[in-house]
Amino acid sequence: MAYYVINGGRPLNGSVTISGSKNAALPIICASVLAGEPCRIENLPDIDDVRRITEIIEMMGAKIERPCDGVIVIDPRTIEKYAVTNEMAAKLRASYYMLGALLGRYGYAEVAQPGGCAIGQRPIDYHINGMRALGATVQNRGGIVTASSDKLTEADIYLDMASVGATINIMLAACRAEGRTVINNAAQEPHVVDVANFLNTMGASIRGAGTNVIRIEGRKNLHGCTYAIIPDQIEAGTFMIAAAATQGNIIINNIIPTHLEAISAKLMESGIEVITGDSGADFYMQIIANDRPRAVNIKTLPYPGFPTDLQQPMTALLSIATGGSSFVTENLFEDRFNHVRELNRMGAKVTVNGRTAAIQGVDRLYGAEIYASDLRAGAAMIVAALMAEGVSVVRNIHYIDRGYENIEQKLRALGADIKRVEE
Ligand code: UD1
């Protein structure tokens, strides 16, 4: 098993370029199944989750070409299997997008319960109810969800929570349903908008993505297209936090500033300087941290609130905050504090009570052997190790490989002392 050895205490300096968004890339790859022609997808991040979802659609029969780095061309016309087995689905959460994509395209889908990070129950009842509302017969037996329909038809759907996965999955199926489907209380995350833009480039008619009401006019056919994925909001946020944690000064290129407003606001509240600029070709953000952060409170919320995926790295940063205690409340997932035990092993003083972590800032963390328990907990471990005094060994980095492209090289270019060891 590979691990990282990080010698902490070095401020990050220099510039880094953000890769394509994981949480947009995964549903966009699945969405290509809906097209009647090949789709060329650009700015794909080179991460394990993208490799796994690509393998899934390849196993269903799609032809994949990789003309150059960061680009794939998917030809879905040769698909002849409509079942995502347990072995395939367990590899990543986003396998659930095959339900909406296959159902929309072929009227039949069989998808085993998805895997993904263990951060709570993560039911998929909204996805299933959505497919049923569109007229599909859905059964959920023995961990396998089977959905079938001769003809999907329009529906007026309300989501009890603004679920990213359910919003996208319903959008995928509704693109090919007869009539106009409305999703109320839809998720507004940037990747929801990116998937809608991709589908519209394929000839779909989706209006309102980015607001909480999405309207989808079903189409009989969707065509091929060329599309470039947006930059990864969470990767950008992770580098912002890492710069703040090491009292660094970095420029982050290839970002969309509005996607980062909640994170910028909280970093500024904690005394970190955040400057947004436009280089002409691109937006960038400069993070300047001259001191330890001041204590702030965080509540995770659906977009445009503070993203749950950055709660864990933010908790690591706040473990060295000055000026009292910080309170971090996790509102989306009931079990997303597994990183706290590891932070405390490094000398942090964090106590968790239900959904809230109380963080009493300490002067410094000390290097230790620490374990990532999931993808973003892994990012938190890296942030903690970068700011700690001494050497840390970060284990279970296969979680980090799922969602961060070349994180070791990117951090090393910023001056971090980080080494990957393959065992
Ligand atoms: C997606 C992201 C994940 C991110 C999360 C929130 C992918 C592959 N994963 O996860 O990285 O942390 O959005 O931004 O893109 N819920 C239900 N029933 C459902 C669906 C959701 O009760 O059918 C609940 C969940 O348990 C959770 C909340 O709704 O409490 C939000 O979940 P959701 O937005 O669906 O997250 P995921 O799609 O699992």
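On a 1 Å grid over the protein atoms alone, a cavity is a set of points where a 1.4 Å probe fits but cannot get out, and a pocket is an open set with protein on both sides within 12 Å along at least five of seven lines; lining residues have an atom within 4 Å of a point. Grid points are joined across faces, edges and corners, and a volume is the space filled by probe spheres set on the points. The model is predicted, so to speak of local features takes pLDDT of at least 70 and side-chain atom pairs count only at pLDDT 80 or more, while totals for chains, interfaces and linings use all residues. Residues are numbered from 1 along each chain as its sequence is written, and side-chain values use heavy atoms, with hydrogens and water left out.

The largest cavity, at about 70 Å³, has a lining of 4 nonpolar, 4 polar and 3 charged residues, including His-191, Asp-232 and Arg-376.

On to the open spaces. The largest pocket takes up about 920 Å³. Its lining runs to 44 residues, and Tyr-96, Arg-122, Val-164, Gly-165 and Phe-333 sit closest to the centre. H1 contributes the most to this lining, with 4 residues, and by class the lining splits into 21 nonpolar, 11 polar and 12 charged. The second largest pocket holds about 320 Å³ and has 18 lining residues, with Leu-44, Pro-45, Asp-46, Asp-69 and Gly-70 nearest its centre. H2 supplies the largest share of that lining, 3 residues.

H2 itself (residues 48-59) spans 16 Å from first C-alpha to last over its 12 residues, close to the 16 Å expected, which is 1.5 Å times one less than the number of residues. Asp-49, Val-50, Ile-53, Thr-54, Ile-56 and Ile-57 of H2 are buried (under 20% relative accessible area, with exposed over 50% and partly exposed in between, 1.4 Å probe, protein chains only). Looking down the H2 axis, the buried residues fall within an arc of 155°, so they line one face of the helix; the arc is that of the directions from the helix axis to the C-beta atoms. Just after H2, Gly-61 has a positive phi of about 120°.

Asn-43, in the loop between strand E3 (39-42) and H2, has a positive phi of about 60° although it is not a glycine, and is partly exposed at 29% relative accessible area. The Tyr-303 to Pro-304 peptide bond is cis, with omega near 10°.

Definitions and conventions. Helix = DSSP H or I, 4+ residues; strand = E, 2+ residues; numbered from the N terminus. Nonpolar A, V, L, I, M, F, W, Y, C, P; charged D, E, K, R; others polar.
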